[in-house]
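Hello,

Here is the structure I promised to hand over. Please open it beside this email; my notes follow below.

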Amino acid sequence: MVGCTQSGSDEAIERYDEAVHCAGGSASMTGTTLALLLRQSDDNTDNDNEQREKVHILTKVGPDFAGKTLLEFYRRAGASTNLVLTDDTARTSMAVLPIYNNGKRGCFVNLACNDGFTSDELLNQLDIIVEDNTTTSNHLTRAFLFGYPHLMPQMQGDSLRDMLKSARQKLSLEGSNSVLVGVDLNGVDGSDSTAAREALMPSLCEIDVLHLNEDEVMVLSQHDKQQANDEKDTTNDVVSPEMLSQISSFHEQGCAVVLLSLGSKGAFVSVTPDSKRLQQLSNNEQQPITISQWIPGTQVRIPAFQIDGEVNANGAGDALFSGFCLAASSWGCALEQLICTDRSSSNDKEQWKVSPQVAGTFASLVAWQRCNTKTRDGDGMKSARQLMQLIYEDKLPDVLEG
């Protein structure tokens with residue numbers, strides 16, 4: 001519901017301008033964003049030899065209006081629906097999102113299909129793409145992105161860890177870790193921080209990129225909440241010492257890279273100081289993963305960019321996550337080669353690399369497009385290649401001072 005008023009009273013009759021049906025949730029937001037980014041450009045700036053990337057959405061829907069509507073949204077965005085599982089006995093998960101006049105949103109959700117979606121069902125669907133990879137050698141999987149484990153009761157804790165490990169093994173080239181595994185958090189229940197930690201922590205050793213926001217860091221932190229608030233109040237740093245401590249804990253438990261959303265303040269990227277963890281992703285010369293070449297212990301702050309026009313922040317975190325994982329996967333290495341060998345490139349930029357700063361900036365640009373109502377659904381949206389070219393040429397939008 002777009003253009004909602006917000007009087008502050010629970011029983012007030014609020015108004016809205018328009019009701020819009022759209023693809024929501026992690027698989028929908030991430031998948032459609034990537035599909036739109038990877039469409040062939042109309043201006044012919046993309047290299048003719050650049051492989052057309054496929055985005056496969058793997059989710060579970062019911063045979064109802066919402067499920068059919070989702071499938072149509074995916075197809076219109078250019079994403080493949082071959083992996084979508086339809087359960088004739090279930091209802092499609094649905095959320096009602098009031099988008100307020102100030103750009104913020106609320107959320108009312110019925111998880112439905114999510115409650116019964118199991119690891120076995122997901123892994124069985126992956127066998128479809130595995131068979132395709134074995135018969136078509138030029139369609140290699142770059143990344144497996146999983147979202148909202150705290151809203152997926154059957155895929156938490158040890159089950160989540162085992163599922164991620166099996167998915168990587170299925171999708172990677174034989175004998176290598178050629179697939180980036182990313183996990184995006186949402187629905188982290190602040191009423192039970194112990195349960196929230198138990199749902200995530202066992203799987204950190206299998207997560208290459210973990211995306212979460214400030215509130216979710218605080219819920220997952222084992223520090224005293226009052227102490228955390230005191231630290232936040234007494235420091236001018238955007239990322240408080242308490243949050244940095246929790247990010248360090250994620251690394252200690254095996255997570256390679258943490259991407260922290262900071263809203264209008266941008267984002268924060270932290271790379272594990274454990275070089276051996278990064279080396280685990282570097283044993284495939286044919287399709288190296290970009291983050292395997294990053295300097296251990298790197299931490300960078302990424303700005304948000306100003307939007308000229310109406311703002312819709314719904315899906316901003318999903319866009320940030322999908323953009324970052326795209327840049328941090330083997331796609332980033334492939335684009336380095338394309339951009340650096342372009343005839344228009346100057347000699348002094350031959351060593352240009354997709355660093356944590358570049359990947360984070362690219363992610364922020366993806367979120368910038370997604371939050372702009374003029375470009376969020378594809379019209380006028382720049383391709384992934386074009387966004388990376390903006391970074392290379394240092395032609396970025398104005399920074400938003402959050």
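This is a predicted model: local features need pLDDT of at least 70, side-chain atom pairs count only at pLDDT 80 or more; totals for chains, interfaces and linings use all residues.

Start with Ser 221. It sits in the loop between α7 (214–220) and α8 (225–233). Ser 221 has a relative accessible area of 5%, under the 20% cut-off, so it counts as buried. Setting aside residues up to four places away in sequence, Ser 221 touches Arg 197, Glu 242 and Gln 246.

Next, Lys 60. This residue lies in strand β2 (residues 60–61). Is Lys 60 buried or exposed? Its relative accessibility is 7%, so Lys 60 counts as buried. The side chain of Lys 60 makes a polar contact of 3.4 Å with that of Asp 87. Another polar contact, at 3.3 Å, links the side chain of Lys 60 to the side chain of Glu 121. Neighbours within four places in sequence aside, Lys 60 is in contact with Leu 85, Asp 87, Cys 113, Gly 116, Phe 117 and Glu 121.

Now helix α5. It covers residues 158–171, 14 residues in all. At 1.5 Å a residue, α5 should span 20 Å. Its end C-alpha atoms are 20 Å apart, which agrees. Which residues of α5 are buried? They are Leu 160, Met 163, Leu 164, Ala 167, Arg 168 and Leu 171. These residues cover an arc of only 130 degrees around the axis, which puts them on the same side of α5. The general rule is that an α-helix has 3.6 residues a turn, so residues three or four places apart point the same way.

On to the strands. β11 (residues 267–271) and β12 run antiparallel, joined by 4 bridges. Val 269 stands opposite Val 300 in β12. Strand β12 (residues 299–302) has alternating side chains. Val 300 and Ile 302 point to one face and are buried.

Last, the cysteines. How many disulfides are there? The count comes to 0, taking a disulfide as a pair of cysteine sulfur atoms within 2.5 Å. Cys 107 is partly exposed, at 44% relative accessibility. Cys 205 is also partly exposed, with a relative accessible area of 35%.

Best wishes

Methods
Residues are numbered from 1 along each chain as its sequence is written. Side-chain values use heavy atoms; hydrogens and water are left out. Helices (H or I, at least four residues) and strands (E, at least two) are DSSP runs, numbered from the N terminus. The expected span of a helix is 1.5 Å times one less than its number of residues. Buried means under 20% relative accessible area, exposed over 50%, partly exposed in between (1.4 Å probe, protein chains only). The arc is that of the directions from the helix axis to the C-beta atoms. Contact means heavy atoms within 4.5 Å. Two strands pair if DSSP finds at least two bridges between them. A polar contact is a pair of N or O atoms within 3.5 Å; within protein, one must be able to donate a hydrogen and the other to accept it, and residues adjacent in sequence count only if both atoms are side-chain atoms.
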